[in-house]
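View the chain first, then read on.

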Amino acid sequence: MKRLSIAALAVASTLSLPALAAPETYAFDANHTAARFEYVHFGYSNQIQRFDKTTGKVTIDRAAKTGSVDVTIDTKSINTGVEVFNGHLKGEDFFNVEKFPTITFKSAAFKF
């Protein structure tokens, strides 16, 4: 009987190891991710624009209550819906995409 109890305990402890959750990493889905930005247009309306190419990942360790985010945005993928305006925003007066081809955001801390 003692051997059976020890064997059952060994099996139960092995099965519970996955419960000691390791950090989980999630990659952004490029087809369902778009970084957006907003500005007030001459005090009359809020304009919302986007970048179509965003990559990144989120890593979260629920047990340790830690996580990180790493995002990269392709500035050339700006999309206002108006090609002339896209070109204007890509220029030196705004995003200067030739000098700054990407925008990055990194965070090494989460608040739970």
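Is Arg62 buried, partly exposed or exposed? Arg62 is partly exposed, with a relative accessible area of 48%. The model is predicted.

## Salt bridges in the model

Side chains of opposite charge can pair when their charged atoms come close. Here the count is four salt bridges.

## Glu24 and Arg62

Glu24 belongs to strand 1 (residues 24-27). Arg62 sits in the loop between strand 4 (54-61) and strand 5 (66-74). The pair therefore ties together parts that are 38 residues apart in sequence. Glu24 is partly exposed, at 24% relative accessible area.

## Lys106 and Asp70

Lys106 bridges to Asp70, and their closest N and O atoms are 4.0 Å apart. This pair links distant parts of the chain, 36 residues apart. Lys106 is in strand 7 (residues 102-107), and Asp70 is in strand 5.

Lys106 is exposed, with a relative accessible area of 61%. Asp70 is partly exposed, at 26%.

## Glu98 and Lys76

A salt bridge also joins the side chains of Glu98 and Lys76, at 3.9 Å from N to O. Both residues lie in loops. Glu98 is between helix 2 (83-90) and strand 7. Lys76 is between strand 5 and strand 6 (78-79). The two are 22 residues apart, and the pair links distant parts of the chain.

Glu98 counts as exposed, at 64% relative accessibility. Lys76 is partly exposed, at 42%.

How values were computed. Residues numbered from 1 in each chain as written. Predicted model: local features only at pLDDT ≥ 70, side-chain atom pairs only at ≥ 80, totals over all residues. Heavy atoms only, no water. Helix = DSSP H or I, 4+ residues; strand = E, 2+ residues; numbered from the N terminus. Buried < 20%, exposed > 50% of the residue type's maximum accessible area, 1.4 Å probe, protein only.
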